[in-house]
Structures are given as C-alpha cells and as structure tokens.
Amino acid sequence: MKKVIYSKFDKARIHQLPRALFEGRIEVVLSESEAAKAVDYLLKQPIIGIDTETRPSFRKGVKYYVSLLQVSSRDICFLFRLKHTGMCESIIRLLEDTTIPKIGLSLHDDIRQLHEVAQFQPGYFIELQDKVKAFGVGDLSLQKLFANFFGERISKGQRLTNWEADILSESQKRYAATDAWACVLLYEEMERLLQTGDFEVIRDEETMEVL
C-alpha cells in the first residue's frame with residue numbers, strides 16, 4: 001500500500017495525532033572541550049540534523065543572539081549552549097564541514113543568525129524545504145511536514161520559552177532535540193520514497209473528499 005501524502009496538510013488535524021518525541025540521549029554542551037568531543041562524534045555520523053533556538057524578545061528594540069545550536073544523530077542530540085561555548089573553533093569546524101550532510105529547515109535563517117555571532121563558510125547543508133518540492137507538497141513548517149509524512153505531532157509549546165535560562169528544563173531539552181532529530185527522519189523518508197516511488201499525493205481539490 002502506497003503512503004498517502006497531502007499537498008496541503010490540514011492544520012486542524014495535527015492536535016489529534018500522537019506526539020513525536022526524541023527518546024534518545026541528550027548531551028548539554030557547556031565548554032569548548034565538551035564541544036570538541038561532541039563535534040568529533042557528529043562528524044563520524046552518516047547524517048545529522050541541525051536547528052537553532054533564540055531567546056524570544058517581547059519588547060520592541062530588544063534583540064537576542066542565537067542561544068542554542070542543537071545537532072542530532074538518530075540516537076544522540078547535542079545541545080550547544082552558545083553563551084557558554086561561544087562560536088568556538090570546533091563549532092566552526094562542524095558548520096564548515098563539507099563531508100557530512102547537515103539537514104535542516106529554514107536553514108537560511110539559522111545560518112544568518114549564526115553569522116551574527118561569528119563568520120564562517122557554510123559547508124554541506126541540505127534544506128528540507130527544497131527537498132519537499134519534489135513531492136508537490138506546499139507545506140514548509142516542520143510540524144506540518146512531520147504530520148504529513150509520519151502521522152505524528154511535534155509540539156511547539158516550548159518555542160517561546162527562555163533559551164538563555166541558567167538551566168534548561170527537561171521539556172526545553174526534549175523540544176530542541178526533537179526538532180533536530182526530526183529533520184534526519186524526514187530527509188531519510190523523503191529519500192526512501194523518491195527512490196521507491198511508494199507514495200501518492202492527494203491534491204488540495206481531493207483532500208476534502210478523503211478527510
């Protein structure tokens with residue numbers, strides 16, 4: 001049976017889906033030495049997912065720099081707390097690497113914000129928003145794409161929390177890790193489907209008949 005994908009996923013259905021949550025190991029990186037070890041591990045993986053978090057500003061004229069860089073394999077996610085590590089040499093090495101595919105969503109925004117902290121030459125990055133065009137899917141958010149391809153819900157409840165808090169809560173850590181990890185799963189599933197052709201796309205005009 002072919003996997004059904006919708007060209008536009010009904011946002012109202014997302015809250016009905018079971019929650020997707022990264023259940024692997026999470027390592028919070030607070031020093032340059034810890035960052036070096038984490039990067040050594042990540043650059044030995046076949047593929048990694050990447051995302052960032054920034055402390056939200058609720059006052060006009062107040063802006064914060066990137067607080068967190070989360071990078072995940074299938075099993076381990078590293079949370080680089082940039083106010084502690086800075087954009088140290090090992091993190092720059094990770095971002096400039098040209099051998100390991102780094103999968104993300106809205107990477108242009110992430111890279112632009114990281115460039116506000118330090119300059120680097122972006123290496124091997126793959127944008128999921130470009131990849132999904134091959135399916136004729138118009139949705140571009142991580143939440144809608146994951147719901148569409150996996151039938152599971154990624155909660156966004158922690159998005160506007162304080163990412164510069166002295167200690168991140170367990171909910172914050174799981175949220176951040178899930179976003180980076182989900183990018184890996186989405187890329188691998190898109191690759192599988194494109195290779196096998198084992199999918200059919202329900203267009204907008206057909207959606208109401210199916211739901």
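Student: What is the volume of the largest cavity?

Tutor: The largest cavity has a volume of about 50 Å³. Before we explore, a word on the model: it is predicted, so local features need pLDDT of at least 70 and side-chain atom pairs count only at pLDDT 80 or more, while totals for chains, interfaces and linings use all residues. Residues are numbered from 1 along each chain as its sequence is written, and side-chain values use heavy atoms, with hydrogens and water left out.

Rolling a probe the size of a water molecule over the atoms shows where empty space is left. On a 1 Å grid over the protein atoms alone, a cavity is a set of points where a 1.4 Å probe fits but cannot get out; a pocket is an open set with protein on both sides within 12 Å along at least five of seven lines; and lining residues have an atom within 4 Å of a point. Grid points are joined across faces, edges and corners, and the volume is the space filled by probe spheres set on the points. By this rule there is one cavity of 30 Å³ or more.

Its lining includes Ile-50, Thr-52, Leu-69, Asp-110, Ile-111 and Phe-125. To place such residues, we use DSSP runs numbered from the N terminus: helices (H or I, at least four residues) and strands (E, at least two). Strand β3 and helix α4 each supply at least two residues of the cavity lining, and α4 gives the most, with four.

Next comes the largest pocket, which holds about 610 Å³ of space. It is lined by 20 residues, and the closest to its centre are Asp-51, Thr-52, Glu-53, Arg-159 and Tyr-175. Its lining draws at least two residues from each of β3 (48–54), α4 (107–115), α6 and α7. Here β3 has the largest share, four residues.

Seven of the nine residues of α6 are buried, where buried means under 20% relative accessible area, exposed over 50% and partly exposed in between (1.4 Å probe, protein chains only). Among the buried ones are Leu-142, Leu-145, Phe-146 and Phe-149. They pack against β1 (3–6) and α7, a contact being heavy atoms within 4.5 Å. Just after α6, Gly-151 takes a positive phi of about 65°.

What surrounds these residues is a nonpolar core, a set of buried Ala, Val, Leu, Ile, Met, Phe, Trp, Tyr and Cys residues joined through side-chain atoms within 4.5 Å. The largest has 37 residues, and Leu-128, Phe-135, Phe-149 and Leu-186 have the most contacts inside it. Two or more of its residues come from each of β5 (76–81), α6, α7 (170–196) and β8. Helix α7 gives the most, 13 residues. Leaving aside residues up to four places away in sequence, Leu-186 touches Leu-128, Leu-142, Leu-145, Phe-146, Phe-149 and Phe-150. A second, separate core of 27 residues includes Leu-69, Leu-82, Ile-111 and Phe-125. Leu-69, Ile-111 and Phe-125 are also among the residues that line our cavity.

Now the rings. Rings of Phe, Tyr and Trp (its six-membered ring) pair if their centres lie within 6.5 Å; planes under 30 degrees apart count as stacked, over 60 as edge-to-face and the rest as tilted. By this rule there are nine aromatic pairs. Phe-135 and Phe-199 have ring centres 4.9 Å apart and planes at 55°, so this pair is tilted. It links distant parts of the chain, 64 residues apart: Phe-135 is in the loop between α5 (128–131) and α6 (142–150), Phe-199 in strand β8 (residues 199–202). Phe-135 and Phe-199 are buried.

Phe-146 and Phe-150 also form a tilted pair, 4.7 Å centre to centre with 35° between the planes. These two are four residues apart in α6, and therefore separated by about one helical turn. Phe-146 is buried at 1% relative accessible area, whereas Phe-150 is partly exposed at 28%.

Finally, Lys-3 lies over the face of Phe-150, 5.2 Å from the ring centre; the rule asks for NZ of Lys or CZ of Arg within 6 Å of the ring centre and within 35 degrees of the ring normal. Glu-189, in helix α7, touches Lys-3, Phe-149 and Phe-150, not counting residues up to four places away in sequence.
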